[in-house]
Amino acid sequence: MNNKIDIDRYNRVKKTTTIHYNMEVNQVLSEIIDDFPDKLNGMTYFYDRFRPIEKNKSLYPKEKKTIASMCIHVPVEIIYALGASSVRICSGAYSTDTAGADFLPAKICPLVKSTAGAIYLDMLPGNANPDLIINPTTCDQKKKIGEMEDEIGKEFYVLEVPPSKDSEEARQYWHRSVKKMVKKLESVTGNRLTRRKLKKSIKMILTAQAEYRRFMKLRRKAPVIFGKDAQLITNAYFFDNLNSWTEALATLNDELEERIAQKHHVVGPRAPRLLLTGSPSIFPNMRTHLLIEKLGGIVVYEEFCSSSRMLSDTVAVDEWFLYDMVPAVADRYLKPNTCPNFTPNDDRIRKILLAMKEYDADGIVYQTFTGCQLYDLESRKIGKELEKAGYPVLNIELDYNPKDSGQLTTRLEAFMESIKDQKRTKRKKI
Amino acid sequence: MSRVLKNQILIVFLFFSFQAVSQEPIWFSNQPPKSMEKVVKASGMHRYYSLQRTSRKTKTTNNGKKYKKTKKGKTAYKRSATKYVQWLRKGNSIKEATYICFPDSTNYRLKLMSPTGKEEPISLEQNKTCYVKFELNEEGYYNAYLIFKKGQQDTLYQNIAKAELLSHSCRNGHHKKLEARPVRYYPEITDFEIIRLRHPHEDYHYFASSGDTETFKALMNGKPLPGVKITINTEKGWSKTGFTDKNGEFKIQFLQDYFSNWQELDKRKIHYYMLKADYIQPKDIQYKNKDYKYVHYILTMSDGYRPSRTMYASMVWGLIVFLIAMIISIAGIFIYKERRKRPYKEIKFNESNN
Amino acid sequence: MKKINIKKYINNANVSRFRFWIQLISFFIFVYGGYFFIEIGSRLPIFSCPYVPGSPGGCYLLGVQHELNSTWHTIFSPRGISILKSLGIFLLFFIFLNKAWCGFVCPLGTLQDWITRLRKSLGFSFTRYDEMSFKRLKVIKYILLALLILIPLAINNSFFGLPKLSHSMHTPFCKICPARTILPLFNGDTSQIYIDFTDTTTIILTSLGLMVAALFLVGSFVKKRFFCFFCPMSALQFLFSKIGLLRLIKNGDKCTRCGNCSRVCDVGITEIADDILSKNIIKDDCMMCLKCVEACPEEGALKVKVLNFDIFSATEEGFFKRYGGTSKFETSNKDDVLNSNKNKDE
């Protein structure tokens with residue numbers, strides 16, 4: 001961006017994208033809020049998180065450094081312990097997707113394009129202006145964005161993630177690369193990682209996780225909340241202030257408990273209960289959720305890196321010293337992680353099978369973004385395993401472009417009808 | 001020795017001037033006579049001897065036949081409790097004492113009392129060499145007594161051979177550890193008795209060793225008896241005489257009286273001693289239709305002691321080895337950790353073979 | 001309702017703290033109990049060392065070495081029954097607590113835990129074996145077990161025409177066992193720190209014993225439960241661990257393989273996290289300290305059972321109580337507080 005023409009062009013693109021983005025956000029939000037009359041008071045907080053923020057305001061205090069991460073593999077405990085704000089910048093916006101397409105190949109995953117576009121146009125969640133973007137070497141497409149530092153104009157730090165997680169070597173390699181990351185972050189933030197701070201941040205995240213797990217338990221008990229709302233909650237975790245997020249979730253949980261006591265359900269007992277997995281849904285890409293739930297179904301569990309995978313797994317430390325805490329934190333992002341960039345990844349199948357049982361789901365919708373190779377590759381194996389276990393599976397492929405919903409609606413409708421039929425015959429048999 | 005003995009003799013003479021016949025005491029010994037060394041086997045910490053059982057292979061050998069008369073063939077594989085033996089010896093010093101036999105007519109009482117105070121069978125085998133044969137089934141100290149009386153002029157000699165036999169095998173566990181301390185004595189068997197007092201922390205693993213002080217106590221009908229003359233003889237001929245004090249106690253410290261190179265030192269070697277207690281009591285007593293004015297008690301006990309721990313065990317060396325090992329292991333760990341600080345260097349190739 | 005709450009109370013409990021106190025009490029019983037006229041028998045599945053003057057019992061390993069110190073002839077005669085009898089007594093003791101004898105009762109294990117506490121208070125880092133060393137070194141305890149059985153036999157019997165071993169080799173394991181040298185020190189008895197110059201065998205064995213004692217102290221300072229990894233008692237117990245009443249059960253379907261359990265494991269067992277097929281997850285190095293159950297956040301993935309009754313299982317709530325116990329979480333669980341209050345009123 002050396003010459004004036006480029007800067008002008010950049011500003012023009014940014015302006016139009018911002019307008020498009022705001023339109024997109026408002027439209028999806030109104031769909032989420034207004035199309036479903038049964039409202040939860042506790043959700044207002046989370047809805048508000050997603051409303052566009054004014055240009056010169058930011059969610060993050062200026063005196064703190066902001067560290068952005070591109071995937072769930074980044075140990076956020078360490079970021080918080082070093083006194084920085086953490087923001088995950090994966091984007092689901094179609095508007096930034098088109099912006100990213102300017103300098104990225106057309107056939108790659110929309111999430112990557114959208115994220116790259118958002119970084120390039122400085123349109124990150126909460127108007128974050130990250131001092132460092134940590135880019136873990138997960139899928140090839142995300143990996144390669146890191147090489148576009150010049151073009152995107154931000155500093156990237158490559159966090160090396162091993163391609164496998166089962167071997168001892170992988171674990172050692174990962175521990176080493178997390179330790180290296182700590183050193184880098186120490187130099188960026190100017191703070192030293194201490195025992196007390198890390199312990200405090202681990203406990204802070206554990207508190208959030210405890211609240212999240214309580215939330216999931218309530219979701220399991222009765223259909224008192226829609227999946228689209230649940231997805232928004234975990235989505236807000238990407239960029240929200242952790243303590244207020246936990247507090248808001250606690251209030252919501254209390255409300256859900258009341259609903260359970262009153263038997264105030266959002267859907268009837270015959271509604272198909274679906275499990276959603278595959279490429280992650282990130283606001284404002286909430287199409288699958290919205291389609292399913294508008295058609296009378298309910299999403300009971302999401303196996304996404306934007307939801308359960310990010311929050312379920314905990315840190316357990318034996319000795320509260322850095323020598324044990326750092327590896328413990330690192331392990332949480334490696335061992336239970338079901339990201340398809342790891343091979344083998346049988347844990348994901350087991351996790352889905354368990355969730356099917358625990359959440360009493362009737363079927364699975366496996367969504368793949370066009371160009372997302374890893375999820376696409378895994379869909380076959382997972383589909384087979386689940387069908388073996390007797391669950392109906394629907395594979396859908398979608399883009400961030402909201403216009404191709406027509407065919408999707410038909411397929412989802414048919415799938416849900418068949419589930420309803422199955423349920424009916426089952427009930428008759430009993 | 002001689003001075004004490006002279007004094008003693010003097011005292012004895014003062015009171016009972018007619019008492020001139022020196023009585024050679026009879027005592028229980030754990031040492032086998034030369035002729036039997038091949039057919040006996042020592043076992044346990046106290047090295048008690050038992051007759052070697054004849055197994056099928058060796059049953060035809062002469063030795064086996066000679067001494068093992070009872071149900072030889074059948075018992076070979078049918079194992080009951082081991083039969084231990086103690087020999088009978090007569091004499092004042094261990095060196096010169098002879099192995100003796102009683103003629104059948106001799107009037108004697110043989111008793112074995114278990115640690116719980118029950119009477120157990122004990123029998124006298126009469127062959128070329130005589131020995132008593134018994135079993136040790138319970139855990140603890142058994143008391144064996146051989147008492148015989150003999151009248152001479154107006155004195156009734158009462159020779160009491162006593163043995164305290166410890167029955168303990170680590171094989172059977174250590175559950176009765178604390179019962180090692182109480183000492184049992186039996187006034188109903190013999191009114192005069194000498195007991196060895198137990199040490200405060202004594203357990204079944206105790207064995208006197210050189211340097212240890214032992215306390216013996218004389219009892220008459222269960223009450224402490226002062227003024228009993230006690231003589232202790234050791235294997236090498238050393239002897240000591242003394243009298244029990246007003247509590248009836250007599251203390252003696254055993255000292256090793258032989259020395260060898262440490263290579264030849266056997267820490268399990270037992271050096272035997274023989275204790276003899278003399279006491280004359282004026283007492284009108286009838287025995288075998290004869291009246292006697294005095295009773296002369298002669299009580300014998302034999303046991304052993306081992307070389308002192310300091311002869312073969314060195315705590316200083318122990319500490320040195322311990323500290324060196326500690327330093328080496330600390331250094332080893334330190335070096336290992338230092339080496340680990342250089343990462344990526346752990347894989348090395350051998351480049352010696354082109 | 002009340003029963004469920006008791007279960008919940010146990011599942012939320014801090015077992016490690018409970019274990020600390022149990023260990024403290026057992027240490028006193030097994031090191032000083034003899035002075036208080038406690039006698040427990042000499043076939044115990046722990047290092048209740050008879051060389052300790054105040055020990056109320058005996059370690060079965062000593063018994064085994066003594067019993068096998070006899071000829072074939074004796075072993076296969078009616079006297080051999082006593083060997084089986086004492087094995088039976090050992091098993092009777094053993095099956096109640098299974099390997100929890102090591103984690104909760106063994107005084108030598110407790111001592112190592114205390115050394116670990118000392119290290120922690122000094123802020124030193126611990127070490128772990130890497131995978132290869134772990135696999136290689138874990139064989140040592142079986143070798144020691146085999147030796148402590150074979151050497152006493154070889155003293156009295158000739159194997160393959162080889163000469164019989166010297167009697168100085170009797171109770172070979174006790175000679176090198178760190179419990180013999182270190183535990184009596186707690187009774188103020190230093191008599192076990194010595195080199196026996198009787199013959200070459202005793203010199204070697206007693207020096208080895210002191211070296212092991214030194215290594216024990218240094219090793220357990222840098223490695224948690226250093227000695228347990230080589231303990232032949234642990235190997236012997238593992239041979240019978242399947243019949244133990246107390247069991248550690250894993251539900252592989254619920255496991256996310258997050259590795260919490262294997263990280264907090266003092267011995268460093270990785271199978272507890274990675275093995276999703278076995279139900280019975282007690283491994284030979286396990287000492288059933290139950291830290292893994294404490295660290296498991298997955299509802300019912302790990303369970304401690306007596307016969308078929310769950311007595312302690314991994315729960316979400318318990319996990320967060322122990323690891324994330326911030327006030328925020330506690331206040332948000334309103335109904336729990338209410339329930340426990342009700343319970344008290346009853």
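Trainee: Which residue of E8(A) is the bridge partner of Phe369(A)?
Mentor: Leu398(A) is that partner in E8(A). Keep in mind that this is a predicted model.

Trainee: How many bridges join E7(A) to E8(A), and which way do the strands run?
Mentor: Six bridges join E7(A) to strand E8, residues 393-398 of chain A, and the two run parallel.

Trainee: And how many bridges join E5(A) to E7(A)?
Mentor: Five, between strand E5 (residues 273-278) of chain A and E7(A), again in a parallel run. Within that pairing, Thr277(A) has Tyr366(A) as its bridge partner.

Trainee: Is E7(A) mostly covered or mostly open?
Mentor: Mostly covered: seven of the seven residues of E7(A), which spans 363-369, are buried. Gly363(A), Val365(A), Gln367(A) and Phe369(A) point one way, while Ile364(A), Tyr366(A) and Thr368(A) point the other way, and all are buried.

Trainee: Other sheet in chain A now. What is the order of its four strands?
Mentor: The order is E2-E1-E3-E4 in chain A; the sheet is open and the pairing is parallel.

Trainee: Which strands stand at the edges?
Mentor: E2 (85-88) and E4 (156-159) of chain A. Each has a single partner strand, so one side of each is left without a neighbour in the sheet. The twist from one strand to the next averages 25°.

Trainee: How many bridges do E1(A) and E3(A) pair over?
Mentor: Three, in the parallel sense, between E1 (residues 66-69) and E3 (residues 132-136) of chain A. Ala68(A) has Ile133(A) as its bridge partner in E3(A).

Trainee: Which helix packs on that sheet?
Mentor: Helix H8, residues 168-189 of chain A, touching E1, E3 and E4 of chain A. The direction of H8(A) makes about 160° with that of E4(A).

Trainee: Switching to chain B. Do E15(B) and E16(B) run parallel or antiparallel?
Mentor: Antiparallel, with five bridges joining E15 (residues 229-234) to E16 (residues 239-243) of chain B. Thr231(B) has Thr241(B) as its bridge partner in E16(B).

Trainee: What do those two strands form?
Mentor: E15(B) and E16(B) form a hairpin, with four residues between them. Gly237(B), in the turn, has a positive phi of about 100°.

Trainee: Now chain C. How many helices and strands are there in chain C?
Mentor: Chain C has 19 helices and six strands. Of its 346 residues, 50% count as buried.

Trainee: Why does the radius of gyration of chain C agree with a compact globule?
Mentor: A compact globule of 346 residues would have a radius of gyration near 20 Å, and chain C has 22 Å, which agrees. The C-alpha trace of chain C spans about 75 × 45 × 45 Å along its principal axes.

Trainee: What domains is chain C divided into?
Mentor: Domain 1 covers 2-237 and domain 2 covers 246-314. Their C-alpha centres lie 25 Å apart. In the contact, 22 residues of domain 1 of chain C meet 18 residues of domain 2 of chain C. On the domain 1 side, H1 (2-11), H2 (15-32), H6 (100-105) and H13 (232-240) of chain C each supply at least two residues.

Trainee: Which residues of H13(C) are buried?
Mentor: Pro232(C), Met233(C), Ser234(C), Ala235(C), Leu236(C) and Gln237(C). The buried residues of H13(C) pack against several helices of chain C, including H3 (60-67) and H5 (81-97).

Trainee: Last topic, the neighbours. How many residues does the contact take from chain C and from chain B?
Mentor: The contact takes 31 residues from chain C and 27 residues from chain B. H12(C) gives the largest share of the chain C side, ten residues. By class, that side has 16 nonpolar, ten polar and five charged residues.

Trainee: Which strand of chain B pairs with E3(C)?
Mentor: Strand E20, residues 313-314 of chain B, in the antiparallel sense over two bridges. Ser314(B) stands opposite Ile195(C) in E3(C).

Trainee: And how many residues of chain C are in contact with chain A?
Mentor: 25 residues of chain C, in contact with 26 residues of chain A. H17(C) gives the most to the chain C side, with four residues. By class, that side has eight nonpolar, eight polar and nine charged residues.

How values were computed:
Residues are numbered from 1 along each chain as its sequence is written. Chains are lettered from A and ligands numbered from 1 in the order in which they are written. This is a predicted model: local features need pLDDT of at least 70, side-chain atom pairs count only at pLDDT 80 or more; totals for chains, interfaces and linings use all residues. Two residues are in contact if their C-beta atoms, placed from the backbone, lie within 7 Å. Ala, Val, Leu, Ile, Met, Phe, Trp, Tyr, Cys and Pro count as nonpolar, Asp, Glu, Lys and Arg as charged, and the others, Gly among them, as polar. Two strands pair if DSSP finds at least two bridges between them. Domain bounds come from an automatic or database domain assignment. A residue is buried if 20 or more other C-beta atoms lie within 10 Å of its own, exposed if 12 or fewer, and partly exposed in between; C-beta atoms are placed from the backbone. The radius of gyration is taken over C-alpha atoms; the globule rule is 2.2 Å times the number of residues to the power 0.38. Axes are lines fitted to C-alpha atoms, for helices over the stretch in contact, and angles run from 0 to 180 degrees between N-to-C directions.
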